[in-house]
Number of protein chains: 2
Amino acid sequence: MSRAVMPPDVVVRRLPLYARSLRYLLHEGVLSVSSQELGDRINVTAAQIRKDLSYFGEFGKQGIGYDVERLLEQIDQILGLDRSWAVALIGAGQLGEAIVRYEGFRAQGIHIAAVFDANPDKVGKPLGTIVVQHSDSIAQTISARGIEMAIIAVPADRAQGVADVLINAGVRALLSYAPTVLQVPAGVWVRYIDPLSVLHSMTFYLARGE
Amino acid sequence: MSRAVMPPDVVVRRLPLYARSLRYLLHEGVLSVSSQELGDRINVTAAQIRKDLSYFGEFGKQGIGYDVERLLEQIDQILGLDRSWAVALIGAGQLGEAIVRYEGFRAQGIHIAAVFDANPDKVGKPLGTIVVQHSDSIAQTISARGIEMAIIAVPADRAQGVADVLINAGVRALLSYAPTVLQVPAGVWVRYIDPLSVLHSMTFYLARGE
DNA sequence: TAGATTGTTAATCGATTAACAATC
DNA sequence: TAGATTGTTAATCGATTAACAATC
């Protein structure tokens, strides 16, 4: 369990799923869980869970399994969720509004700290509990407040420009809802939410009767 | 290029990205593109694009590249996007509303054909251009209209129940926004939109300074 | 023709799974 | 103690990349 080895990204992406499932188990009052039981819940093999966790340390007990509360705490800590991260939202349209109001985002380690839009009609008005600022002030606000994460919810043709400004201001992780691939320098993380592509990859199978 | 070999799912998932990039190229008036040029746009290697396409046939010309319009047509056809797919949306809350109104969904091969909600206050009222039906009528409507795809936008604790009803009524592809892993029988496709997990997998890197 | 780029094969790389000694 | 389950190693599987003959 040499903690020096950087875990593959595919492993890091699974950790939040483990954490979520453990959170449900905790709510259900389950105290202990085996890799097999946890795997059954989220359709992952027991071996994979144990292997994944082994990148970060030893968390279980032979013959017993894992203490739900303790493992959850450990994973949250590994993911950096023992603190809260300020996230900027760019785009206060229909989508941005849904994101702000979506309660899920108010949970675990994430909070939307600033909202920006280029439309003067939106600027100065509250979206949920946050007053929308003009996009011209992105750089200044992000820098001043040391915000490191941002959600991009602007049209595709504006996404790259917004990303450039954000990165320049110090943002190091982007979640983009815009249907375009962003070019970013090394050291900046980008992930996409792309429901249309996901649907399109399923029509493939339906079109040929599975 | 034996078309008999089923392409890996990871390849199928990339096809929509190729199609989208080609669509942008088409709008830009670009007539021909090489695997290298296409790859540069979407951060994929040229070899991967050529290999991916080879699962489905031969679409390029040596020394030249690919005809943008023709390749786009071919990929759309492979993905089953030469027709339009009726999709049911379950959940007419904040999220469901954003999904209905999101113009992206009105494009390429997908249209939302029915919306359901369990809240009597929402039933009978229009969401965008569609009148919300009660969740009790999911099975009947889906069966009667032969709908094969559905988007789940209900709270986590209702998602599995909704999935069960949908699958029973003949749905074979689910896109779920609910933060829970669904159990489905073989032959049913499920994909997830999970922005919170995505953010959580990036805090991992930020927390340790990349 | 010379230059460019495909489609495909083989080599490499990486991720998943199986197996089992250690041990609770 | 006997049974269960971990953490880890080795084997397997699958995906990506490199290389190049074919050919436009």
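**Close-up views of a predicted model**

**View 1. Strands 5 and 7 in the sheet of chain A.** A:Asp117 faces A:His134, a residue of strand 7 of chain A. The model is predicted. Strand 5 (residues 110-117) and strand 7 (residues 130-134) of chain A are parallel and are joined by three bridges.

**View 2. The open sheet of chain A and its edges.** Seven strands of chain A form an open sheet with mixed pairing, in the order 6-7-5-4-8-9-10. The edges are strand 6 (126-127) and strand 10 of chain A; each has a single partner strand, so one side of each is left without a neighbour in the sheet.

**View 3. The interface of chain A and chain B.** Contacts link 65 residues of chain A with 65 residues of chain B. About 6000 Å² is buried between chain A and chain B, and carbon and sulfur atoms carry 67% of this area. Counted over residues at pLDDT 80 or more, 24 residue pairs are in polar contact across the interface of chain A and chain B. On the side of chain A that touches chain B, two or more residues come from each of helix 1 (9-27), helix 2 (35-42), helix 5 (94-101), strand 8 (149-152), strand 9 (173-176), strand 10 (189-192) and helix 8 (195-207) of chain A. Helix 8 of chain A contributes the most, 13 residues. By class, this side of chain A has 39 nonpolar, 13 polar and 13 charged residues.

**View 4. A salt bridge between the chains.** Two salt bridges are counted between chain A and chain B. A:Asp194 and B:Arg20 form a salt bridge in which the closest N and O atoms are 2.7 Å apart.

**View 5. The protein surface near DNA strand D.** There are 26 residues around DNA strand D, and those that come nearest are A:Ser35, A:Arg50, A:Phe59, A:Gly60 and A:Tyr66. Of the atoms of DNA strand D within 4 Å of the protein, 62% belong to sugar and phosphate. At least two residues of this surface come from each of helix 3 (46-54), strand 2 (60-61) and strand 3 (65-67) of chain A, and from each of helix 1 (9-27) and helix 3 (46-54) of chain B. Helix 3 of chain B supplies the largest share, four residues. The surface near DNA strand D divides into seven nonpolar, 11 polar and eight charged residues.

View 6. A phosphate oxygen of DNA strand D lies 2.7 Å from a backbone N or O atom of A:Gly60. The side chain of B:Thr45 has an N or O atom 3.2 Å from a phosphate oxygen of DNA strand D. For B:Arg50, a side-chain N or O atom is 3.3 Å from a base nitrogen of DNA strand D.

Key
Residues numbered from 1 in each chain as written. Chains lettered and ligands numbered in written order. Predicted model: local features only at pLDDT ≥ 70, side-chain atom pairs only at ≥ 80, totals over all residues. Heavy atoms only, no water. Contact = heavy atoms within 4.5 Å. Buried area = accessible area lost by both parts, 1.4 Å probe. Salt bridge = Lys/Arg side-chain N within 4 Å of Asp/Glu carboxyl O. Polar contact = N/O pair within 3.5 Å; in protein donor to acceptor, adjacent residues only side chain to side chain. Nonpolar A, V, L, I, M, F, W, Y, C, P; charged D, E, K, R; others polar. Pairing = 2+ DSSP bridges. Near = heavy atom within 4 Å.
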